[in-house]
Amino acid sequence: MQSFILRHKPQLTIIGGALIAAGLVARFALHSQPAYAAAFIAASVIGVLPILIQAVQALRVRVISIDVLVSIAVFGAFLIGSWDESAIVTFLFLIGGQIERHTLNQTRSAIGALTDMAPQSAVVRRADGTFETVPVDDVRVGDIVKVTTGDRIPVDGVVTSGTGLVNESAITGEPIPVDKAVGSSASAGTLLDDGMLTIRADTVGEDTTFGKIIELVENAQDSKSKEERFIDRFATYYTPAVLVIAVIVGLVTRRVDLAITMLVLGCPGALVIGVPVSNMAGIGNGARHGVLIKGSEVTHRLSSADTFVFDKTGTITVGMPQVTDVRRYDDSIALAPDNAAGTSSASAPDDATRYLVGVEAQSQHPLAKAIVRHFDDVPAPQVDEVSVVTGGGIRAVHDGHRILVGSPRFLETEGVELGPTAHADAAELESHGDSLVAVALDGRIRLMLGVRDRLRPGIADGIRNLRRLGARNIVVLSGDNQRAVDLMTAGLGLDRAVGGMLPDQKAAYISRLRDEGRRVVFVGDGINDSPSLALADVGIAMGNGTDVAIDTSDVVLADSDFSRLPHAYGLAKRTVRNMRENIAIAVGTVALLLSGLVLTSWLTMAVGMFVHEASVLAVILNGMRLLRYRVK
């Protein structure tokens with residue numbers, strides 16, 4: 001019976017409203033007092049049933065909720081013969097609940113739509129070459145899936161055949177379809193608007209970019225800011241206090257109607273709902289625009305940030321560097337440099353080149369990928385005993401040879417003498433803004449490569465927007481040489497750009513800024529950025545970065561689009577301001593009603609309930625404004 005009543009609250013609300021209307025007709029048109037009383041008594045009974053059920057459920061878990069206060073107030077009004085008050089209060093409370101649920105559902109739709117877009121099945125190629133439809137959870141890494149026009153791509157992977165136009169708005173927020181062909185990357189949750197593709201699954205299920213977006217957003221809704229935690233504690237004590245004060249007022253004044261009215265007017269509904277709806281709307285806006293904020297507390301910290309620190313490679317640069325120069329050495333005597341426009345393997349590659357490719361093929365670092373691409377026709381041996389020195393380089397052993405790959409400084413720390421020629425080459429390459437990768441074989445330097453990245457599009461505009469929104473200190477930290485960092489960042493309007501930074505030095509720099517009282521945001525994308533991401537007040541990971549960086553961070557820019565960062569910063573500021581506006585609306589409404597009750601005679605229980613429900617609707621609508629927020 002209880003579940004039936006709660007399921008049919010909308011219908012009960014309509015019936016209650018119809019009975020109130022009938023009672024008013026009976027009184028003012030038909031002048032029938034008995035019919036008027038009967039209609040309002042029926043409306044009171046029907047209206048209080050779902051409220052009373054929810055009140056009992058709350059009391060069972062030792063919570064004095066707003067439903068408890070309203071139930072007591074309605075019974076009190078009923079007992080003193082105020083049928084009109086009890087009927088109107090229950091009707092307004094129920095209709096306010098319906099409006100509240102409707103508007104909150106609209107707010108949640110920005111988040112719920114993500115789950116709805118998650119593919120449920122996939123068309124997978126079988127061993128005999130035919131295709132069959134299977135649940136998406138049954139797809140495995142390496143499977144070939146077929147996607148036709150109108151289907152959502154079920155995996156992260158690479159296109160192996162076909163062409164098509166893919167709508168990636170679920171991931172990037174951008175509505176313009178993107179051309180896909182053989183070799184193009186494809187993301188789960190995106191929609192094939194036109195064409196037909198087969199895709200090799202590289203990542204499946206919850207590990208896909210889209211799966212991580214859904215997981216992050218769902219987890220974020222459970223995280224609470226200090227405002228929400230304060231309101232939870234406040235409501236725990238405030239609601240029982242209102243009940244006690246109302247009883248005392250009734251006993252002192254001997255006015256039951258005054259005590260009952262105080263119960264209604266003291267309900268903290270708008271205060272309880274105002275901050276969560278702002279949080280939900282802010283997270284929903286971010287999710288739609290490729291900004292994944294891991295909870296309301298992160299929003300609060302980001303809104304107060306005044307210092308932004310960026311890693312360089314893969315963060316302010318696109319992370320797709322190219323080899324620009326190759327210098328070779330034989331017993332520290334420089335040979336003719338390679339032409340970096342093509343591969344250096346026109347003749348048979350030497351051991352140093354082959355070993356370099358073998359070592360770098362096992363790394364996911366952007367510089368390593370650039371080197372493998374440059375020597376794409378050099379066969380890569382399976383190099384043994386590879387060990388990574390974080391922020392420095394790589395040690396390896398193969399065919400009895402000791403191989404070192406890293407910066408010139410790393411080679412020197414490993415006991416390799418560079419010699420004057422290599423030092424001069426290093427200075428020349430650095431003067432061009434190149435990052436350096438040196439190779440030593442059995443304690444002698446054999447190769448030095450210049451590798452150069454390029455800035456992400458729109459980086460300068462993004463930094464200007466951060467300044468406009470309140471960032472007072474913007475810094476770039478990089479493991480590259482200082483000359484390369486200076487050349488890359490010139491004209492960006494930075495406060496400081498520091499090169500030659502190892503991961504522990506970056507982390508120490510973050511700690512020093514925080515010790516100075518700065519509220520620090522660190523933005524990075526690599527494994528070596530994880531300590532800094534964890535140490536900063538807010539860690540932001542580029543979405544195309546490593547899983548470790550994404551897991552360590554507080555905010556993820558899903559498509560690695562730098563323009564999302566100002567949106568995240570501005571959205572956080574607007575969300576926190578919206579929370580405080582809602583608190584002011586809620587507290588102001590209660591103060592207005594209680595003062596009106598004391599100082600005036602016209603403020604009845606029905607009028608007070610109407611104002612109370614209006615304040616609840618006001619904070620919800622105010623929170624929903626965040627769904628439309630964009631950086632101007």
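How many aromatic pairs does a search of the whole structure find? The search finds four, where rings of Phe, Tyr and Trp (its six-membered ring) pair if their centres lie within 6.5 Å, with planes under 30 degrees apart counted as stacked, over 60 as edge-to-face and the rest as tilted.

The model is predicted, so local features need pLDDT of at least 70 and side-chain atom pairs count only at pLDDT 80 or more, whereas totals for chains, interfaces and linings use all residues. Residues are numbered from 1 along each chain as its sequence is written, and side-chain values use heavy atoms, with hydrogens and water left out.

Select tyrosine 36 and phenylalanine 40, whose ring centres are 4.7 Å apart with planes at 45°, so that this pair is tilted. Both residues lie in helix α3 (residues 33-60), four residues apart, or about one turn of the helix; helices (H or I, at least four residues) and strands (E, at least two) are DSSP runs, numbered from the N terminus. Tyrosine 36 is buried at 5% relative accessibility and phenylalanine 40 is buried at 1%, where buried means under 20% relative accessible area, exposed over 50% and partly exposed in between (1.4 Å probe, protein chains only).

Next, select phenylalanine 310 and phenylalanine 562, another tilted pair, with ring centres 5.4 Å apart and planes at 45°. Phenylalanine 310 lies in strand β9 (residues 307-311) and phenylalanine 562 in the loop between β21 (555-557) and α22 (564-599), so the pair ties together parts that are 252 residues apart in sequence.

Finally, select lysine 312, which is found in helix α12 (residues 312-316) and is buried, with a relative accessible area of 3%. Leaving aside neighbours within four places in sequence, lysine 312 is in contact (heavy atoms within 4.5 Å) with Thr317, Val476, Leu477, Ser478, Asp480, Val485 and Met488.
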